[in-house]
Amino acid sequence: MNGRIGYIAANTFREAVRDRVLYNLIAFAVLMSGAAIFIGQISIDIERLVVVNLGLTAVSLFGMVIAIFIGIGLVSKEIEKRTLYTVLSRPVRRWEFIVGKFLGLAGTLVVNTFFMAIGVFAALLYVAGHLQSGDGWILVALYFIVLQFLILTALALLFSSFSSPLLSAVFAFSLFVIGSFAEDLRGFAGMTHGITRWLATGAAYLVPNFSALNVISSVAHTQPVATELIITNSAYALIYSTMALCGSVLIFERRNLK
Amino acid sequence: MTASRRTTITASIVLIVCMAASVMLLRRLDQMRTGATLEEVLYVSSPKVVKRLSLGYEGLLADIYWTRAVQYFGGHHHAGAEHYDLLAPLLEITTELDPHLLIAYQFGANFLAPQPPQGAGLPQRAIELAEYGIRNNPDDWQLYYQLGFIYYIDLKDYPHAADAFLRGSRVPNAHPWMKLLAALMAEHAGETRTAQMLWTTTYETSRDRDVRANAAAHLRALQVDEDVAALEALVARYRAETGHLPGSLADLQSAGMLRSIPADPLGHPYKLMPEGRIEVQVPDDLPFIVKGTPPGYVPPLKPKFLPSD
């Protein structure tokens, strides 16, 4: 990797840690241990299911909030604090800055997810007494959640490169919600006719597809995830993130920073 | 070329390539997850919980659930499915969110009650749905009609059907046929004419394309069943009079028993088989027929409706 991108990524990670982003792990730990203890007492036979569903949903939501709220400030905060001018006055290209910022936040989210995953498995071990072979699919669900974060971070960065933080948050969150219903959206588009069908289908293909990346319910029931789905989802997340990053680079390259 | 321009061109090319690749991958994902929009899962199956989660926007949510119900049934029906596990909960959620969405009750009466593959085979749930609709829309005669329809067509429970039609006939502006239907239940329940009247009312009072197509197909089937029975009776009479079976339907015409060679509702002349049975030419085009099919005929899973219905 380009050294300059690496430095920017490392600094972004350090900044996120200094901003106490990882404190969310405490909230997560409290949630998981609380769920593990209470569910066992008030429910019958769904302890494992609840821990997996609740754990993975919490990983997804916590990470989504971090990806959006840190992602939207990645560019605007640097402009506001005027640190961007210091960075760009050095031999750093604008696209390197964008890519570095993306990788830094993505790294933060991966580390965050790693610790949360430990929490999920610890809670699972507590309620079930042992881990079973089907629990391995939880790792796939966690991997898909990380892929969601990559897309969301790239989108937050894209909005951040041309809009205010508040509007960027609204845009990114809206796209997350719409993307979670992407398959429904394409289904509805298929029911329309004529020009409406083309427009609706185009819009449906443009929004990110988060629904295919959500396998929480199936892994909670220890159902396997197809290898082809893992490969296709990986390729899709990578390509969609690259697409959003290219958009950010194109906008940021032309942005007047004077 | 400046470095900035190079970056712009490279980023633009990568953007376009990625856009095309993402569409291709999404199409692949859609193929892998066929019916993912209608997967056999309802994340929240309790209508009351969905209503609370709607935060006051239950009208919009009802429209979304109604669309999902239609899409779910249409997709499964098209694929010749034998199970419609989510149809009842989807309709129940829809009507809980918007109890005045009358089309949902009508859809329920027509597709929730009939046996698979024509419907979900859940007449009791369809009755509960219709009763729920009547409680919330007591002045709508069509709901009583649908209730009676389920009792008559799907359950062959004529006293309950008569009661439903009678209750509906007392509603202001009720269709004049409601009183007649109530009377018919008592005297002529089980007769083809009564069934024809019910399906005709459904066809005439519905604006939903699927419901109308279903009613039209049933009306054609009833006509065929009636025609085949009448023609086979004529063949039997011819045999009794002449001592042998007619060689063709033209023989019946020559004998003065028929004015012309009769045709099914699609315009195809009926066929006389060597053993004296009457058959339709294309049974697949006439779903729901009981008579006039070749021996051992298995109807297709997906009933064929006409585009003109």
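Predicted model: local features only at pLDDT ≥ 70, side-chain atom pairs only at ≥ 80, totals over all residues.
**Entry 1: α3 and α7 in chain A**

I started with helix α3 (residues 47-71) of chain A and helix α7 (residues 137-160) of chain A. Their axes come within 8 Å and cross at roughly 20 degrees. Angles under 35 degrees count as roughly parallel, so I put α3(A) down as roughly parallel to α7(A). The crossing of α3(A) past α7(A) is right-handed.

Next I looked up who touches whom. On the α3(A) side I noted residues including V52(A), L56(A), G63(A) and I68(A), and α7(A) brings, among them, I138(A), L142(A), F149(A) and L157(A). Sorted by class, this contact has 14 nonpolar residues, 6 polar ones and no charged ones.

**Entry 2: α4 and α6 in chain B**

Then I moved to helix α4 (residues 87-97) of chain B and helix α6 (residues 123-136) of chain B. They pack at about 5 degrees, with axes 11 Å apart. That angle makes α4(B) and α6(B) roughly parallel to each other as well.

From α4(B), the contact uses A88(B), L91(B), E92(B) and T95(B); from α6(B), it uses R125(B), L129(B), Y132(B) and G133(B). My tally by class reads 4 nonpolar, 2 polar and 2 charged residues.

**Entry 3: where chain B meets chain A**

How many residues does each chain put into the contact? Chain B gives 25 and chain A gives 28. On the chain B side, α1 (3-32) and α3 (58-78) are the elements that give two or more residues. The biggest share comes from α1(B), with 19 residues. By class, the chain B side splits into 14 nonpolar, 8 polar and 3 charged residues.

Methods: Residues numbered from 1 in each chain as written. Chains lettered and ligands numbered in written order. Axes fitted to C-alpha atoms, helices over the stretch in contact; angles between N-to-C directions. Helix = DSSP H or I, 4+ residues; strand = E, 2+ residues; numbered from the N terminus. Parallel < 35°, antiparallel > 145°, perpendicular 65-115°, else oblique. Left-handed = near helix turned anticlockwise from the far one by under 90°. Contact = placed C-beta atoms within 7 Å. Nonpolar A, V, L, I, M, F, W, Y, C, P; charged D, E, K, R; others polar.
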